[in-house]
Amino acid sequence: MSGPLTNMSDGKFQLELVNRAIDRGAIILATVSSGLVPFDAQVGGISSHKKIFLRLEPSYVLKPLRLDHRKVREIGFYDLVNDLADRSNQKLSNQKDLFSSLSTFVPKYYGVAKVKRDQLDTSAVTGEEDAEYIILEDLTRNYSKPCIIDVKMGTQSFEPDASDEKKLKEAGKYPQQTDFGLRIVGMRVYNPSNANANDDGYVHYSKHFGRSLNTRCKLKEAFRAFIGTRGNGESISNVLEQLEEIKAWFLKNNYFGFYSSSIMIVYEGDEDKESSPPIVKMIDFARVRRQRGGDEGYLLGLNTLATLLHEIVCESQN
Ligand SMILES: Nc1ncnc2c1ncn2[C@@H]1O[C@H](COP(=O)(O)OP(=O)(O)OP(=O)(O)O)[C@@H](O)[C@H]1O
Ligand SMILES: O=P(O)(O)O[C@@H]1[C@H](O)[C@H](O)[C@@H](OP(=O)(O)O)[C@H](OP(=O)(O)O)[C@H]1O
């Protein structure tokens with residue numbers, strides 16, 4: 001009753017799963033004429049040893065797949081949500097509806113792209129080798145100046161069967177995660193008049209900033225900074241409603257744990273624009289697993305997030 005969603009001992013199945021995803025992705029790639037460029041709105045998952053995300057016009061992002069179990073697991077997750085999975089998942093057949101009902105909370109999924117080095121319109125992508133990317137809906141596409149936060153959810157960002165080394169490394173990043181059920185791994189806010197803004201007008205906050213928020217008060221200030229001047233009561237209420245819907249899903253969920261997975265929030269930072277409403281989505285599913293009892297840690301993080309945002313909006317109205 002515990003372990004990855006995808007059958008990790010069946011190599012043939014894994015190959016089929018990846019090949020099907022590549023066939024699906026090829027359909028998308030055949031419809032686009034523009035090239036691949038670095039995705040400039042990535043706030044989390046940034047490390048010197050990781051490949052960067054790419055943008056594919058008009059509306060896609062390409063997320064680099066890891067060359068280990070995480071590749072098959074993330075593709076397998078999207079297959080389940082989109083009801084594309086087949087014989088691998090007899091174990092999960094009773095939870096099919098639970099998975100399908102996640103589809104409104106996660107980015108649309110379009111398969112996998114095999115990208116050759118010479119297809120890239122850029123020299124900014126490291127490594128000489130070809131690579132595989134998962135093709136997702138670009139959640140920032142409807143915004144002129146997308147303000148974005150990536151909040152890693154749960155009381156721990158390692159799976160229960162992780163090595164001692166991995167457990168120590170992850171637990172040491174942000175000890176407060178056990179209390180808050182979340183950690184901020186990156187954010188950016190559009191505010192060209194801020195002294196800390198880059199040339200692009202955004203103030204960027206790194207994972208190191210997120211790890212420095214060692215009190216509830218500092219964490220709340222960080223969310224206040226994310227909301228900035230643009231986030232009014234109405235847009236925060238909208239975010240809270242979306243968080244409530246995700247919470248309702250997690251209250252029904254008795255079967256799955258979401259480790260090292262995030263909530264991503266996007267809102268319009270351009271004051272001159274008629275703004276699209278904010279969106280709240282779940283992202284990053286390479287460590288979703290079967291787990292009796294569901295995910296209390298994720299629920300704690302949802303409560304912390306909702307409570308802090310609620311407090312911020314109440315305080316701004318006083
Ligand atoms: N569908 C999407 N649309 C737009 N931006 C996205 C999308 N998915 C992810 N991102 C951006 O990419 C960042 C990293 O995403 P994600 O967590 O899935 O990558 P990762 O490589 O698995 O990261 P990590 O190393 O933290 O596990 C997010 O913080 C967000 O800025
Ligand atoms: O969950 P996974 O797939 O094991 O991946 C890790 C996880 O995404 C962490 O968020 C990330 O740390 P940061 O958020 O701190 O960057 C870490 O990077 P690291 O190996 O560079 O520490 C990754 O290895």
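Reader: Where is P58 found?
Author: P58 is in the loop between β3 (54–56) and β4. Helices (H or I, at least four residues) and strands (E, at least two) are DSSP runs, numbered from the N terminus.

Reader: What kind of peptide bond joins E57 and P58?
Author: A cis one, with omega about 5 degrees. Most peptide bonds are trans, and most residues other than glycine have a negative phi.

Reader: Ground rules, please.
Author: This is a predicted model, where local features need pLDDT of at least 70 and side-chain atom pairs count only at pLDDT 80 or more, while totals for chains, interfaces and linings use all residues. Residues are numbered from 1 along each chain as its sequence is written, chains are lettered from A and ligands numbered from 1 in the order in which they are written, and side-chain values use heavy atoms, with hydrogens and water left out.

Reader: On to ligand 1. Which residues come nearest?
Author: V43, K50, K63, D150 and D284, out of 21 residues around ligand 1. A residue counts as near if one of its heavy atoms lies within 4 Å.

Reader: Which backbone atoms lie 2.9 Å from a nitrogen atom of ligand 1?
Author: An N or O of E137, and an N or O of L139. A polar contact here is a pair of N or O atoms within 3.5 Å. The side chain of K63 also puts an N or O atom 2.8 Å from an oxygen atom of ligand 1.

Reader: How much of ligand 1 does the protein bury?
Author: 93% of the 620 Å² that ligand 1 exposes when taken alone. Those areas come from the Shrake-Rupley method with a 1.4 Å probe.

Reader: How do the residues of the shell around ligand 1 divide?
Author: 10 nonpolar, three polar and eight charged. Ala, Val, Leu, Ile, Met, Phe, Trp, Tyr, Cys and Pro count as nonpolar, Asp, Glu, Lys and Arg as charged, and the others, Gly among them, as polar.

Reader: And the shell around ligand 2? How does that one divide?
Author: One nonpolar, three polar and 11 charged. R70, K166, K173, R211 and S260 come nearest, of 15 residues.

Reader: How far are the polar side-chain atoms from an oxygen atom of ligand 2?
Author: K166 has an N or O atom at 2.6 Å. K169 has a polar atom at 2.8 Å, and K207 has one at 3.1 Å. Alone, ligand 2 exposes 490 Å², and the protein buries 88% of that.

Reader: Which element gives the largest share of the shell around ligand 2?
Author: α4, with four residues.

Reader: Why does ligand 2 lie between the domains?
Author: Because domain 1 (3–137) and domain 2 (146–317) both give residues to its shell. The bounds come from an automatic or database domain assignment.

Reader: Back to S260. Buried or exposed?
Author: Buried, at 14% relative accessibility. S260 also has a positive phi of about 60 degrees without being a glycine.

Methods: Polar contact = N/O pair within 3.5 Å; in protein donor to acceptor, adjacent residues only side chain to side chain. Buried < 20%, exposed > 50% of the residue type's maximum accessible area, 1.4 Å probe, protein only.
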